[in-house]
Amino acid sequence: MNIGLMPLTDDLWARGKCGFKALQYMALGIPALVSPVGVNTQIIENGKNGFICSTPEEWKEAIIRLRKDVELRAKMGIEARKKIEDTYSVQANRFTFLNLFLTA
């Protein structure tokens, strides 16, 4: 797999679901293409670690661009993995997690 796709409609159910699939793709070092729903716009840095796609044309353009440009795909995958390690990993959140037990 080279590109992660996460199209969603913007409704209450999707807003509760969004983010996780993008995080899974990114943890694998794969750039994610997501709909601008919920936290997706906070997770994806458009053009850096993935693409935020609102229209069918944007989806098509992003897919074609990443399919053709192996170097861009690899660079975005590295940035995606870095975002996971820096923001969402156990290591990045260790003090937050440990503070749950220290403040109880």
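Start by selecting aspartate 86 and lysine 82: these two form a salt bridge, with the closest N and O atoms 2.6 Å apart. A salt bridge here is a side-chain nitrogen of Lys or Arg within 4 Å of a carboxyl oxygen of Asp or Glu. Both residues sit in helix α5, 4 residues apart, about one turn of the helix. Helices are DSSP runs of H or I with at least four residues, strands are E runs of at least two, and both are numbered from the N terminus. Aspartate 86 is partly exposed at 47% relative accessible area, and lysine 82 is partly exposed too, at 43%. For that scale, buried is under 20% relative accessible area, exposed is over 50% and partly exposed is in between, using a 1.4 Å probe and protein chains only.

A word on what you're looking at: this is a predicted model, where local features need pLDDT of at least 70, side-chain atom pairs count only at pLDDT 80 or more, and totals for chains, interfaces and linings use all residues. Residues are numbered from 1 along each chain as its sequence is written, and side-chain values use heavy atoms, leaving out hydrogens and water.

Stay on α5, which covers residues 70–88, and pick arginine 81 and glutamate 85. Their side chains meet in a salt bridge at 2.8 Å, N to O, and they are also 4 residues apart in the helix. Arginine 81 comes out partly exposed at 37%, as does glutamate 85 at 40%.

How many salt bridges are there in the whole structure? The search finds 6. To see others, select Glu45, Lys48, Glu79 and Lys83, which are linked in a network of salt bridges. Then hop to aspartate 10 and arginine 15, whose side chains meet at 2.8 Å, N to O; arginine 15 is partly exposed at 42%.

Next, show helix α2 (residues 20–27) together with α5. Their axes come within 7 Å and cross at roughly 115 degrees. Axes are lines fitted to C-alpha atoms, for helices over the stretch in contact, and angles run from 0 to 180 degrees between N-to-C directions. The pair therefore counts as roughly perpendicular, a label for angles of 65 to 115 degrees; under 35 is roughly parallel, over 145 roughly antiparallel and the rest oblique. For the contact (heavy atoms within 4.5 Å), select Leu23, Met26 and Ala27 on α2, and Ala80, Arg81, Lys83, Ile84 and Tyr88 on α5. By class that gives 6 nonpolar, no polar and 2 charged residues. Ala, Val, Leu, Ile, Met, Phe, Trp, Tyr, Cys and Pro count as nonpolar, Asp, Glu, Lys and Arg as charged, and the others, Gly among them, as polar.

Now bring in helix α4 (residues 56–68). Its axis lies 5 Å from that of α5, and the two pack at about 100 degrees, which makes them roughly perpendicular. Here Arg65, Leu66, Arg67 and Lys68 in α4 meet Val70, Leu72, Arg73 and Met76 in α5. This contact has 4 nonpolar, no polar and 4 charged residues.

Last stop: glycine 50, in strand β3 (residues 50–52). Is glycine 50 buried or exposed? It is buried, at 0% relative accessible area. Setting aside residues up to four places away in sequence, glycine 50 touches Pro31, Ala32, Ile44, Glu45 and Met76.
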